[in-house]
Amino acid sequence: MIMRFFRRDRRRELVEGLYTRIAQASRQPGLYVDAGVPDTVEGRFESLSLHIVLTFRHLRTLPEPAADVNQDLADALFRALDQSLREMGVGDLSVPKKMKTLAEAFYGRARAYDPLLDARDSEGLALALQRNVTGGEDPARRLAAYALEAQDRLAAQDLDAILAAGPVFPTIAPSNEAGGQT
C-alpha cells in the first residue's frame, strides 16, 4: 500500500521535463539582451507565455495523445506560476486572484498571437509583441522573427521528439558574446 506513494507517474514526469525545457528556452540571454524582452518578472512571464503558446499551437496539430500532453502542459504551467507567486511572498488569500489575472493574460496572448502566427504576419506579430512584451517604441521585429522561426522548427518535430528532447527553439546569441542569431 505505501509503495504507491513512491511510484513515479511517467506521463507527469515527461510533461514536467517538457515544461522545464520550455522554461529554460524562454530564459535564454539573447531574448533579453538583443530581442528586447525586459529582464523583469513580467518580461519573463511574457517570454514563457510566448514559448508555451508556440508549443501549444504545434501540439494541437499532432495526433493523439498530443491533446492530453497539451492539457498536462497547461497544468504544469499554472502549477509553476502558482508556486512562483507563493515563493515571491504572495499570500494564500491573494494567490487565486493573481492566478486568474495570469491565466487571462496568458490566454489573451494566445488569442492575439494565433491569427498572426497562422498568417505569418511578421509586422502584425511584431506590433503585438511590442505591446505585450517589449513595451518599447519600435515593433519587436527581432522577437517576431524568432517566434516565426520557432514555429517552423516546431513543425519539424513529432510528439516523441518533443517529449524526449523538448521543443527545438532558435537561439539568439547575445551580441556581446557571439553576435547574431543561430
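Let me begin with Ser26, which, once its neighbours within four places in sequence are left aside, is in contact (heavy atoms within 4.5 Å) with Leu31, Tyr32, Ser47, Leu48 and His51. Ser26 is placed in helix α1, where helices are DSSP runs of H or I with at least four residues, numbered from the N terminus. At 2% relative accessibility, Ser26 counts as buried, a term that stands for under 20% relative accessible area, with exposed being over 50% and partly exposed in between, using a 1.4 Å probe and protein chains only.

Before I go on, please keep in mind that this is a predicted model, in which local features need pLDDT of at least 70 and side-chain atom pairs count only at pLDDT 80 or more, while totals for chains, interfaces and linings use all residues. Residues are numbered from 1 along each chain as its sequence is written, and side-chain values use heavy atoms, with hydrogens and water left out.

Next, the core. A nonpolar core here is a set of buried Ala, Val, Leu, Ile, Met, Phe, Trp, Tyr and Cys residues joined through side-chain atoms within 4.5 Å. The largest one has 57 residues, and the members that touch the most others are Tyr19, Ile52, Leu73, Tyr113, Leu125, Leu129 and Leu143. Two or more residues come from each of α1, α2, α3, α4 (66-87), α5, α6, α7 and α8 (159-165), and α4 gives the most, with ten. In soluble globular proteins, nonpolar side chains tend to be buried together.

Which residues does Leu143 contact, leaving aside neighbours within four places in sequence? They are Leu31, Ala35, Val37, Leu50, Leu129, Val133 and Thr134. Leu143 is also one of the buried residues of α7, which include Tyr146, Gln151 and Leu154. Helix α7 itself, residues 141-155, has 15 residues and reaches 21 Å from its first C-alpha to its last, close to the 21 Å expected, the expected span being 1.5 Å times one less than the number of residues. Its buried residues pack against α1 (10-26), α2 (29-33), α3 (41-59), α5 (95-118) and α6 (122-134).

In helix α3 we find Phe45, which is buried at a relative accessible area of 13%. Not counting residues up to four places away in sequence, Phe45 touches Leu81, Leu102, Ala105 and Phe106; Phe45 and Leu81 are 36 residues apart in sequence, yet 8.9 Å apart in space, C-alpha to C-alpha.

Lastly, Gln130 belongs to helix α6 and, at 14% relative accessibility, counts as buried.
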